[in-house]
Amino acid sequence: MTRILSWLALALGLIYFFLPLLATVEFSLKMRRGEYSFDAYAKVLADPRFQDTFSYSVLMALVTIVFGVFLVVPTAYWVRLKLPRLRPYIEFITLLPLVIPAIVIVFGYIRLYNTS
């Protein structure tokens, strides 16, 4: 019984994550009415502004990854080896960027839906 529930959970998860992606691809292929084509992709990829902004985004992503690795790896070793009592506080500080945006969104929704 648990195997069936596991497979059901996996199937529902796959549907939940891949159905919007399939719908997005299907929508992007319908630039012409009533037929599928890659015209939208050709138009976007031929635009020089897209090429500039995409290459800038890739460059910034790589810089961010390198900066994060050079910041996090030595800090993790330093805290693990030299300051083990500070580990819970460091972990709390590193989790704040994941928690604060959700809190800000909640307060934004409260202000949005609480107005008359």
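The lining of the largest pocket comprises five nonpolar, two polar and three charged residues. The model is a predicted one. Within this model, the volume of the largest pocket is about 220 Å³. Two elements each give two or more residues to its lining: helix 3 (48-82) and helix 4 (87-113). Helix 3 supplies the largest share, six residues. Among the lining residues are Leu71, Val72, Thr75, Ala76, Val79 and Arg80. The lining also includes Arg87, Ile90, Glu91 and Thr94. Rolling a probe the size of a water molecule over the atoms shows where empty space is left.

Helix 3 also packs against helix 2. Two packed helices are described by the angle between their axes and the distance between the axes. Helix 2 spans residues 39-46, and its axis comes within 5 Å of the axis of helix 3. The two axes cross at roughly 70°. Angles of 65 to 115 degrees count as roughly perpendicular, and helix 2 and helix 3 are therefore roughly perpendicular to each other. On the helix 2 side, the contact involves Val44, Leu45 and Ala46. These residues meet Pro48, Phe50 and Gln51 of helix 3. The contact of helix 2 with helix 3 divides into five nonpolar residues, one polar residue and no charged residue.

At the level of domains, the protein is divided in two. Domain 1 covers residues 1-37 and domain 2 covers residues 47-115. The centres of domain 1 and domain 2, taken over C-alpha atoms, are separated by 29 Å.

Note on methods:
Residues numbered from 1 in each chain as written. Predicted model: local features only at pLDDT ≥ 70, side-chain atom pairs only at ≥ 80, totals over all residues. Heavy atoms only, no water. 1 Å grid on protein atoms, 1.4 Å probe; cavity = no way out; pocket = protein on both sides within 12 Å on 5 of 7 lines; lining within 4 Å. Points joined across faces, edges and corners; volume = space filled by probe spheres on them. Helix = DSSP H or I, 4+ residues; strand = E, 2+ residues; numbered from the N terminus. Nonpolar A, V, L, I, M, F, W, Y, C, P; charged D, E, K, R; others polar. Axes fitted to C-alpha atoms, helices over the stretch in contact; angles between N-to-C directions. Parallel < 35°, antiparallel > 145°, perpendicular 65-115°, else oblique. Contact = heavy atoms within 4.5 Å. Domains from an automatic or database assignment.
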